[in-house]
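Here are some notes for a colleague who is opening this structure for the first time.

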Amino acid sequence: MKSDRRKVILIGSGIMTNEIISILQRPDSGYEFIGRFSDNQDDSTSYKLGSVQSAIQYAIDNNIVDVFSLVLPYQNFHIKELIHVAEINSIRLRFIPDLKSFFNREISIKVEKNIPIIAFRKEPLEQLSNQIRKRIFDVVFSSLVFIFLLWWLIPIVAIFIKLDSKGPIFFVQIRSGKNGKEFKCYKFRSMFLNADAESIPTVLDDERITRIGKFLRKTSIDEIPQFLNVLKGDMSVVGPRPHMVKQTEEYSKNVDAYKVRLYLKPGITGLAQVSGLRGELSHERMIQRLVLDIRYLEEWGFWHDVRIILRTILLMLQGDKN
């Protein structure tokens, strides 16, 4: 029975050589790996059939129509000649840039108007279509919250806050938003009026928290006014939590890649929050939260947001010790 697997050869050598050969040899690759060609004198003889210059002639003589090359045209003067000969003989010559020699991490490559652009990480929300989808969801979801919840909840909460302690109903604080842009973040006031509210983060069993404030925080009701921030466009329903400006300055000095989380609009809830990382921010917890914020950035999807919202609602109903 004739095999449907296409014969393929590889040109060049480098860090990716063994990985590529392994992929080409997999039963589900659709290829039959024949060998490789290299001008590297220190190269091992494993699978090596000859020099770079002899690769296309070998392909012609052995009816091979697929050739992958780790060697780029500017790296070997024979490659331009091989491109010409390959096309004349209906041989597909494709290039694999050995980027692992420079980047020891997963990268993202996109092409804009024939210009290849390398990024350190995937960002689904860099695509305009995804930005539009997320914004539409934010506006629709926040509008429904106002229509069905906030119009009657705000007056009730306002009465309890006023009866419990002196001060305004809402607590307004400057926080760090997308790309470091500062904005006014709204919350129901849950603490007594104090001079440290703008500089000292809240901790568990904080004496500044009022009686009604404890309930508001435990149920996350204190965060609900932030849907106004979502409608204004400063925040999203789901995203990294916005930190005080002072926290942003402090953690950006001590935590590598901290400001990567600022690539996105901050959210009312987020992956880190539904993963048990609400509350106090020790250095270790900040790093754990940052890892999840970046993971959300790289893996964003519409249904991913929906799942995070459902998990948030469940935590609100069950209560969260953090």
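**Notes on the predicted model**

1. Thirteen is the size of the lining, written 13 in the count, and S176, R241, R261, L262 and P266 are the lining residues closest to the centre. Searching the whole structure gives one cavity of 30 Å³ or more.

2. Taking contacts between residues at least 6 apart in sequence, 66% are between residues at least 24 apart.

3. The largest nonpolar core is made of 38 residues, and V157, L216, I221 and Y296 have the most contacts inside it. At least two residues of this core come from each of α4, β9 (182-188), α5 (211-219), α6 (226-232), β10 (236-238), α8 (283-299) and α9 (302-318). There is also a second, separate core, with 15 residues, including A59, I64, I79 and L93.

4. Y296 deserves a separate look. Leaving aside residues up to four places away in sequence, Y296 touches K134, V238, G239, L264, L271, H304, D305 and I308.

5. S165 sits in the loop that runs between α4 (128-164) and β8 (170-176). Is S165 buried or exposed? Its relative accessibility is 9%, so S165 counts as buried, the cut-off for buried being under 20%. The side chain of S165 makes a polar contact of 2.9 Å with the side chain of R189. Apart from residues up to four places away in sequence, S165 touches R189, F192 and T210.

6. R211 belongs to helix α5. With a relative accessibility of 67%, R211 counts as exposed, because the cut-off for exposed is over 50%. Which side chain is joined to that of R211 by a polar contact of 3.1 Å? The partner is D164. R211 can also be placed relative to M191: the two are 20 residues apart in sequence, and their C-alpha atoms are 8.7 Å apart in space.

7. Most residues other than glycine have a negative phi. S90, which is not a glycine, has a positive phi of about 55 degrees. S220 also has a positive phi, near 65 degrees.

8. Where are these two serines found? S90 is in the loop between α3 (78-88) and β5 (92-95), and S220 is in the loop between α5 and α6. S90 has 56% relative accessibility and therefore counts as exposed. S220, at 13% relative accessibility, counts as buried.

Notes: Residues numbered from 1 in each chain as written. Predicted model: local features only at pLDDT ≥ 70, side-chain atom pairs only at ≥ 80, totals over all residues. Heavy atoms only, no water. Helix = DSSP H or I, 4+ residues; strand = E, 2+ residues; numbered from the N terminus. Buried < 20%, exposed > 50% of the residue type's maximum accessible area, 1.4 Å probe, protein only. Polar contact = N/O pair within 3.5 Å; in protein donor to acceptor, adjacent residues only side chain to side chain. Contact = heavy atoms within 4.5 Å. 1 Å grid on protein atoms, 1.4 Å probe; cavity = no way out; pocket = protein on both sides within 12 Å on 5 of 7 lines; lining within 4 Å. Points joined across faces, edges and corners; volume = space filled by probe spheres on them. Core = buried A, V, L, I, M, F, W, Y, C linked by side-chain atoms within 4.5 Å.
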